[in-house]
Amino acid sequence: MRMLVFPYGYNCEPIVRHANFLEQCYEIVALVSPGGWGMAGKNIVLGKNKVSTHVYETIEEVTEEFDSLFIPDFGEIDEEVENRLINEIIKLFPNLTHIICAARFTSLNEKKLKEICQRNSQFCDFINYSENKSLDKYGLMENCTAHQSIKAINIPVVCIVGWWEKTDKFEVSLMLREHFLQAGYQVSQVGSRSECEMFGFHSFPDFMYNKNIDAEDKIIYFNRWIDNMVRKEKPDLLIITIPGAMQNFNNELTRGFGILHHLVFQSIIPDILIMCTIYLQGTSQALENISKSCKYKFGAAVDAFHMSNLVIDKNDSEERGYVVTSNIYRKIVSKTIAERFCNSSIPVFNMLDQMDSDNMFDTLMDKLIPNDSRIV
């Protein structure tokens with residue numbers, strides 16, 4: 001599939017940077033970012049092959065030939081903006097053979113998109129990664145909770161969590177995947193996004209979001225699903241990235257209270273916990289407090305931190321009633337880590353810096369696998 005990516009935004013950058021991990025049937029050939037999204041006009045490097053591609057502002061500008069469309073998860077946007085995106089997508093018919101959708105549209109727009117795909121079904125296949133799946137599609141039956149017991153996962157488990165959303169969890173998970181695979185290890189993986197199957201591993205199961213399933217049952221279902229996966233794939237280790245924020249920002253901005261993390265840690269005990277944080281200018285004591293909080297809340301202390309370039313404006317957030325964020329240059333992150341956190345008892349890295357990425361992997365290997373047991 002020669003894919004056009006639309007709408008291309010900040011959330012999609014990890015997919016493009018790690019395009020070499022995409023299944024062989026997928027090839028990204030063009031990126032289109034709507035005006036005002038701040039991405040149009042840039043030249044983006046695709047994957048490790050360092051192939052550069054231009055980010056167009058409109059679909060009409062695209063000169064590359066494509067036969068498929070990938071609609072990434074673009075987060076929360078105004079319904080009016082979403083309607084404009086749908087109208088642009090409809091213009092591409094009947095020249096598409098595949099639509100791969102990871103976005104969650106309003107019910108009306110989702111229906112409109114499905115109907116036009118059905119009318120063009122003789123030449124357009126619609127793959128909806130955002131669509132909810134039934135338990136049996138996960139290899140689970142509703143009565144599997146009859147025996148309320150947790151099965152032990154007898155391989156190393158690496159968990160990646162975020163202090164807040166958009167702190168590079170998906171990016172960090174892809175970089176660790178690359179390191180372990182290059183070192184010769186067989187990896188099973190659960191990602192935080194709905195399109196992870198495009199990269200050859202599993203998306204976080206949507207039954208964990210289902211409000212009609214009891215919390216206790218979710219713990220059992222997740223544990224059984226992971227156990228089935230490990231038995232089938234026989235990996236050397238397992239990487240799990242948990243979606244969303246680990247905790248509430250304050251009493252007004254709660255963002256799920258970290259309940260999803262609590263359910264996962266009741267189901268799976270991690271051997272390694274990596275925390276992705278916002279940009280911090282404090283001291284290592286703040287990170288140690290975060291690690292203690294994780295230990296007491298979830299039963300697992302933090303083994304390593306990745307510091308993202310996400311900045312939260314606390315005063316503006318409290319005034320507006322929602323979290324106001326911005327991003328700073330990655331070089332500032334690396335400089336802050338070197339100056340303020342170099343002596344931290346818990347190592348702090350910027351995983352988007354290649355040297356830091358290598359150092360984090362070495363740190364994890366020292367914790368997970370003795371030198372005499374490593375693959376060489």
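## The largest cavity

Five nonpolar, two polar and two charged residues make up the lining of the largest cavity. Here Ala, Val, Leu, Ile, Met, Phe, Trp, Tyr, Cys and Pro count as nonpolar, Asp, Glu, Lys and Arg as charged, and the others, Gly among them, as polar. The model is predicted: local features need pLDDT of at least 70, side-chain atom pairs count only at pLDDT 80 or more, and totals for chains, interfaces and linings use all residues. Residues are numbered from 1 along each chain as its sequence is written, and side-chain values use heavy atoms, with hydrogens and water left out.

The lining consists of Cys101, Ala103, Arg104, Phe105, Glu110, Leu113, Phe126, Asn128 and Ser130. Two elements, α3 (107-119) and β7 (125-128), each give two or more residues to this lining. Helices (H or I, at least four residues) and strands (E, at least two) are DSSP runs, numbered from the N terminus. The volume of the largest cavity is about 50 Å³. The structure holds one cavity of 30 Å³ or more. On a 1 Å grid over the protein atoms alone, a cavity is a set of points where a 1.4 Å probe fits but cannot get out; a pocket is an open set with protein on both sides within 12 Å along at least five of seven lines; lining residues have an atom within 4 Å of a point. Grid points are joined across faces, edges and corners, and a volume is the space filled by probe spheres set on the points.

## Helix α3

α3 has 13 residues. From first C-alpha to last it reaches 18 Å, close to the 18 Å expected at 1.5 Å a residue. That expected span is 1.5 Å times one less than the number of residues.

Asn109, Leu113, Ile116 and Cys117 are buried in α3 (under 20% relative accessible area; exposed is over 50%, partly exposed in between; 1.4 Å probe, protein chains only). Seen down the axis, these buried residues fall within an arc of 105 degrees, so they line one face of the helix. The arc is that of the directions from the helix axis to the C-beta atoms. Ser107, Leu108, Lys111, Gln118 and Arg119 are exposed on the other side of α3. The cover over the buried residues of α3 includes β5 (68-71), α2 (79-90), β6 (98-101) and β7.

## The second largest pocket

The second largest pocket holds about 710 Å³ of space. It is lined by 25 residues, and the closest to its centre are Glu13, Arg17, Glu171, Arg330 and Leu352. α1 (13-17), β3 (43-46), α4 (169-182) and α9 each give two or more residues to the lining. That lining divides into nine nonpolar, seven polar and nine charged residues.

## Helix α7

α7 covers residues 284-298. Its 15 residues should span 21 Å at 1.5 Å a residue, and its end C-alpha atoms are 21 Å apart, which agrees. The buried residues of α7 are Ser284, Leu287, Ile290, Ser291, Cys294 and Phe298. They cover an arc of only 115 degrees around the axis, which puts them on the same side of α7.

Among the elements covering these buried residues are α6 (259-267), β12 (272-277), β13 (304-307), α9 (330-340) and β16 (348-349). Just after α7, Gly299 takes a positive phi of about 80 degrees.

## Backbone and loops

A cis peptide bond joins Phe6 and Pro7, with omega about 0 degrees. Pro7 is in the loop between β1 (2-5) and α1.

The loop between β8 (157-162) and α4 holds Lys166. Asp168 is found in the loop between β8 and α4. Lys166 is not a glycine, yet has a positive phi of about 60 degrees. Phi of Asp168, also a residue other than glycine, is positive and near 80 degrees. Lys166 is exposed, with a relative accessible area of 51%. Asp168 is buried, at 11%.

## Around Asn309

Asn309 lies in the loop between β13 and β14 (310-312). Its relative accessible area is 6%, and it is buried. Leaving aside neighbours within four places in sequence, Asn309 is in contact (heavy atoms within 4.5 Å) with Tyr10, Asp168, Tyr279, Ser326, Asn327, Ile328, Arg330 and Val333. Asn309 and Ile278 are 31 residues apart along the chain, and their C-alpha atoms are separated by 6.5 Å.
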